[in-house]
Amino acid sequence: MEVKVLRLDHRWQRDARITTHVCLTARALGASGVFLSGDHDKKLIENVQDVVKRWGGDFQVEYRKGWENLLDEWKNRGGEIVHLTMYGEPVQDMTPKIRNSSKNKLVVVGGSRVPSKVYQEADWNVSVTTQPHSEVSSLALFLHMLFKGKELELEFEDGNMKVIPSPKGKKVLMPNKRDGQEQSDN
């Protein structure tokens, strides 16, 4: 099952940081890409692509002006839509049902105001608590539950950097331009 994320209504002046975090969270926790709608933010897309280049993997970021067409295309290709909202059914009840379907998933996270079409088109409207909070935290919790924690063991191929777990300090493996040795910042 492939999982991609649709970030609705990105506003470049207001949402650059939160949308970047949506992209980084999606990548780190197992999604294969993000579709951005709203303002076309070339700089944000370049920044996320730079992270992929440095840290590895084949994560894609694509701008889609018309998100409505994307929902239709996704369903026409046999995929399912999961909308993360505080108004849906509880994530703890819905995630096992969602996981049981091997169809590709488009996970929709909102922006300023989510149009009713998203609620209507979604196969599942999923609530990660019934309280206001961040789309980043909702996405992280949902992906963690969807992948049953296995996303925490992902290996990203072809990256130039890799963190080496350490109880103290920072250890990052990266090719040294001269001799390919480990670099550390303690």
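**Aspartate 9**

I began with aspartate 9 in this predicted model, and found that aspartate 9 is partly exposed, with a relative accessible area of 26%. I placed aspartate 9 in strand E1.

I located aspartate 158 in the loop between H6 and E7. Is aspartate 158 buried or exposed? I noted 73% relative accessibility, so aspartate 158 counts as exposed.

Glycine 159 sits in the loop between H6 and strand E7, which spans 162-163. I have glycine 159 down as partly exposed, because its relative accessibility is 33%. What does glycine 159 touch, leaving out residues up to four places away in sequence? I listed Lys53, Arg54, Trp55 and Gly56. I also checked glycine 159 against aspartate 58: they are 101 residues apart in sequence, and their C-alpha atoms are 9.9 Å apart in space.

**Helix H1**

I moved on to H1, which runs over residues 12-28. H1 has 17 residues and reaches 22 Å from its first C-alpha to its last, close to the 24 Å expected at 1.5 Å a residue. Where does H1 bend? I found the bend at isoleucine 18, by about 35°. After H1 comes glycine 30, and I noted its positive phi, near 105°.

I wrote down the buried residues of H1: Asp15, Thr19, Thr20, Val22, Cys23, Thr25, Ala26 and Arg27. What do these buried residues pack against? My list has strand E1 (3-10), strand E2 (33-38), helix H2 (42-55), strand E5 (105-109) and helix H6 (135-146).

Two of those residues got a closer look. Aspartate 15 lies in H1, and I count aspartate 15 as buried because its relative accessible area is 4%, against a cut-off of under 20%. Not counting residues up to four places away in sequence, aspartate 15 touches Arg7, Asp9 and His10. That brought me back to Asp9, where I had started.

Arginine 27 was the other one. I found arginine 27 over the face of phenylalanine 156, at 4.2 Å from the ring centre. While looking at rings, I also searched for aromatic pairs and the count came to 0.

**Salt bridges**

How many salt bridges does a search of the whole structure find? I got 10. I followed up several of them.

Arginine 7 forms a salt bridge with glutamate 135, and I read 3.3 Å between the closest N and O atoms. This pair links distant parts of the chain, with arginine 7 in strand E1 and glutamate 135 in helix H6, 128 residues apart. I looked up how covered arginine 7 is: at 1% relative accessibility, arginine 7 counts as buried. I then saw that Arg7 and Glu135 belong to a network of salt bridges that also takes in Arg11 and Asp15.

I stayed with glutamate 135 for its contacts. Not counting residues up to four places away in sequence, glutamate 135 touches Arg7, Ile18, Val22, Val109 and Gly110. I also compared glutamate 135 with valine 52: they are 83 residues apart in sequence and 21 Å apart in space, C-alpha to C-alpha.

Next I took arginine 54 and aspartate 50, whose side chains meet in a salt bridge at 2.9 Å, N to O. Both lie in helix H2, 4 residues apart, about one turn of the helix. I recalled that an α-helix has 3.6 residues a turn, so residues three or four places apart point the same way. Arginine 54 is partly exposed, at a relative accessible area of 32%, and aspartate 50 is partly exposed too, at 35%. Arg54 was already in my notes as a contact of glycine 159.

My last pair was lysine 117 and aspartate 72, with side chains meeting in a salt bridge at 3.8 Å, N to O. This pair links distant parts of the chain: lysine 117 is in helix H5 (residues 116-121) and aspartate 72 is in helix H3 (residues 67-76), 45 residues apart. I have lysine 117 as partly exposed at 25% relative accessibility, and aspartate 72 as partly exposed with a relative accessible area of 31%.

Conventions:
Residues numbered from 1 in each chain as written. Predicted model: local features only at pLDDT ≥ 70, side-chain atom pairs only at ≥ 80, totals over all residues. Heavy atoms only, no water. Helix = DSSP H or I, 4+ residues; strand = E, 2+ residues; numbered from the N terminus. Buried < 20%, exposed > 50% of the residue type's maximum accessible area, 1.4 Å probe, protein only. Contact = heavy atoms within 4.5 Å. Expected span 1.5 Å × (residues − 1). Bend = angle between axes of the 7 residues up to and from the residue. Phe/Tyr/Trp six-rings, centres within 6.5 Å; stacked < 30°, edge-to-face > 60°. Lys NZ or Arg CZ within 6 Å of the ring centre and 35° of its normal. Salt bridge = Lys/Arg side-chain N within 4 Å of Asp/Glu carboxyl O.
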